[in-house]
Amino acid sequence: MPQTTRILLPESAIPTHWYNVVADMPNPPEPVLGADGKPLSSDALSAIFPDALIEQEVSRERWIPIPQEVRELYRLWRPTALVRAHRLEAALGTPARIYYKYEGASPAGSHKLNSALPQAYYNKREGITRLTTETGAGQWGSSLSFAGGVFGIDVRVYMVRVSYQQKPFRRSMMQTWGAEVLASPSELTASGRAALAANPGSPGSLGLAIAEAVEEAAGRADTNYALGSVLNHVLLHQTVIGLEAKQQFEIAGDWPDMIFAPCGGGSNFGGIAFPFLADNAAGNKPVRLVAVEPTSCPSLTRGHYAYDFGDAVGLTPLMKQYTLGHDFMPPGIHAGGLRHHGASSLVSQLYHEGLVEAVSVPQLATFEAGVTFARSEGIIPAPESCHAIRACIDEALRCKQSGEAKTLFFNLSGHGHFDMASYDRYFAGELEDFDYPAEAIRDALARLPRVAADA
């Protein structure tokens, strides 16, 4: 009998509800604070978010219905395949069983569209005609550009300058779908102008691009802001990944021992891991959930658990998170989607309470893993996805040494077709590893806002 490689679901199996991990957390989420250090009312978010998303942000309900209009759009590419990586297993000589969920089949080429469509839908329903956003690697910007086009909403994307230069075809994608793309920092906002005055050659960061997008949205009545990661409602939307995977593992007659996903802001990790955390909370089929981040931007593994801003200049509310400091400027690595100073509050709290794990991996090792995967499984992964592949391969090689036949599962969150310049630099020996200096992290953490709740 031939071995099954692709475990597929019918369109009818697309989840009807998103899963809200807050319902199964042992402790309620830490409150979001205003600039005065006091808990922020949900009304304060209405200047940049539609009411429906604010309700999802603070909800403690376990299941949130997916609007039928969004679910119909999900049918463009969902359900995505769960794939058994037989050829990778053979190449590694491991007894481990390796699976991956392939999210690169979406029109935008990554998992980000899972949240872009509902965000655009809710904004359109409340009469919003413009959206601003940030993007690192360009996957989120591409996704929101497509979603804005679907719902007739104008989109302006502030793209982190180093990625704007590294990934020109991501810019082309956004423009093809009708969005305007600006390199961040830009001259258009006070945040951008201040950053350029301080450093005319600034490579930019996600925190700075967020500041520019929020600043513009807050200043225009017709404009809201859309965020591609970090916030609770974004991670909520991404749980369609893990919910589908649970159905597929039941069909396969298997269950993961460990799950790996890249982690910058946290949407990728939360989307695949949170539905399995519900089983952990119930004492069923325990799974180790591992967030994988770059050694150059190690917010979970080397950051401080404290209240900090989500952007670089302090325009956003204060959230309890593992952070490297809101004005931290990471090196210009090629996994632009992971260059964020802080992790999601939900991911951070779960990590702080020991319910999820985190590891960091260096840039060169991630590209090595991506090439190994591509040469065995055929798909060229995005640099962000290569982080999960690296950690999964490392565990598979440990299984080779120990003889353990673990089931390992990772999220292949996007393809790397627009990242080939990065692969070119890897093959030419032009990439390097960045271990961010401890003293630079200490300096950034020293500038954290002083909040009584951290005392």
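Modeller: In this predicted model, the buried residues of helix α5 are Q139, W140, G141, S142, S143, L144, S145, F146, A147, G148 and F151. That is 11 of the 13 residues of α5, so the helix is largely enclosed by the rest of the structure. Buried here stands for under 20% relative accessible area. The helix covers residues 139-151 and reaches 19 Å from its first C-alpha to its last, close to the 18 Å expected at 1.5 Å a residue. Just after α5 comes G152, with a positive phi of about 70°.

As for the surroundings, the buried residues of α5 pack against the helices α2 (68-74), α4 (113-125), α7 and α16 (383-402), and against the strands β6 and β7.

Those two strands belong to an open sheet of 4 strands, ordered β8-β7-β6-β9, with parallel pairing. At its edges stand β8 (180-184) and β9 (223-225); each has a single partner strand, so one side of each is left without a neighbour in the sheet. From one strand to the next, the twist averages 25°.

Strand β6 (residues 130-135) pairs with β7 (residues 154-160) in the parallel sense, over 6 bridges. Within this pair, R130 is placed opposite D154 in β7.

Helix α7, one of the partners of α5, spans residues 168-176 and lies across β6, β7 and β8. Its direction is at about 170° to β7.

Note on methods: Residues are numbered from 1 along each chain as its sequence is written. This is a predicted model: local features need pLDDT of at least 70, side-chain atom pairs count only at pLDDT 80 or more; totals for chains, interfaces and linings use all residues. Side-chain values use heavy atoms; hydrogens and water are left out. Two strands pair if DSSP finds at least two bridges between them. Axes are lines fitted to C-alpha atoms, for helices over the stretch in contact, and angles run from 0 to 180 degrees between N-to-C directions. Contact means heavy atoms within 4.5 Å. The expected span of a helix is 1.5 Å times one less than its number of residues. Buried means under 20% relative accessible area, exposed over 50%, partly exposed in between (1.4 Å probe, protein chains only).
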